[in-house]
Amino acid sequence: LAATGKVFFSVGTSRYVCSGSVVEEADVSRSVVLTAGHCLYDNATQAFVTNFLFYPDYDSNPNQDCALTTYGCWTATALIGHYGFTSQTGFTNQATNYDWGFAVMGAGGKNGTSQLDTTVGAFPLAIPGFTAAGDQAYAFGYPAASPYAGADLTYCSGAIVQDSSNNNSTWGLTTCTMTGGASGGPWMSGFGTDRGILSSVNSYKYTAAANGMYGPKFNANTTNTFNAALTASANTRV
């Protein structure tokens with residue numbers, strides 16, 4: 001799963017980590033990473049994050065020094081979020097319904113000139129991807145909060161449910177112990193061996209439910225956000 005990876009970014013002077021995955025698209029001059037909306041936009045400060053870095057296949061040689069990782073790292077040239085998320089001043093119920101985002105990655109890697117998707121591959125994006133409770137999902141990410149350390153790609157799988165505590169507006173996995181840092185990691189449908197279809201992302205958990213993980217339902221708003229990423233040259237709210 002080289003096209004999954006770890007994300008590093010800043011909000012002010014504080015550094016954070018998330019997860020992400022490379023999305024298939026046709027433009028040979030750019031690459032696009034799917035992650036959670038809260039991994040590229042900070043509701044509290046109403047601003048996009050800074051210093052967004054993507055390290056593909058991070059667990060194959062985990063190191064924050066780009067030169068010491070397997071493929072190097074890539075820097076975002078534009079971050080794209082949906083207004084349904086960016087309009088919120090906190091992580092509200094509405095925000096959870098729009099908690100996806102896309103990062104346009106410039107040339108990078110160890111030589112500074114490689115395209116991300118041609119280096120590590122990419123996954124197709126499916127919208128809606130999941131269509132009903134009971135669909136099988138595989139969720140991946142780099143959980144960094146205890147008991148995890150953020151160096152290993154972790155996964156969980158199961159039949160998805162709808163989150164009844166969120167008006168059935170988001171998907172849930174009830175057998176997933178991943179923690180903070182896994183946010184933005186892909187939920188895949190049609191998964192087999194090392195291939196799958198991007199169909200949601202790790203978004204949120206409930207404090208009283210360590211085994212739960214929840215993600216947004218991809219829809220036409222997701223399509224609009226992705227389409228904006230295909231032409232964006234600066235941070236964009238859709």
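A disulfide is taken here as a pair of cysteine sulfur atoms within 2.5 Å. The model is a predicted one, so local features need pLDDT of at least 70 and side-chain atom pairs count only at pLDDT 80 or more, while totals for chains, interfaces and linings use all residues. Residues are numbered from 1 along each chain as its sequence is written, and side-chain values use heavy atoms, with hydrogens and water left out.

By that cut-off, the structure holds three disulfides. Numbered in sequence order, the bonded cysteines pair up as 1-2, 3-4, 5-6. Strands here are DSSP runs (E, at least two residues), numbered from the N terminus. Cys 156 counts as buried at 7% relative accessibility, and Cys 176 is buried too, with a relative accessible area of 0%; buried means under 20% relative accessible area, exposed over 50%, and partly exposed in between (1.4 Å probe, protein chains only).

Cys 66 and Cys 73 are also joined, S to S 1.8 Å. This link is right-handed, with 75 degrees about the S-S bond. Its two ends fall into separate classes: Cys 66 counts as partly exposed at 25% relative accessibility, whereas Cys 73, at 10%, counts as buried.

That leaves Cys 18 and Cys 39, whose sulfur atoms are 2.1 Å apart. The link is left-handed, at -75 degrees about the S-S bond. With Cys 18 in strand S2 and Cys 39 in the loop between strand S3 (31-35) and S4, the pair ties together parts that are 21 residues apart in sequence. Both cysteines are buried.

Of the 14 lining residues, Phe 9, Tyr 16, Cys 18, His 38 and Asp 42 are the closest to the pocket centre. A pocket is an open set of points on a 1 Å grid over the protein atoms alone, where a 1.4 Å probe fits, with protein on both sides within 12 Å along at least five of seven lines; lining residues have an atom within 4 Å of a point. Strands S1 (4-11), S2 (14-23) and S4 (41-42) each supply at least two lining residues, and S2 gives the most, with three.

Terms used:
Helix = DSSP H or I, 4+ residues; strand = E, 2+ residues; numbered from the N terminus.
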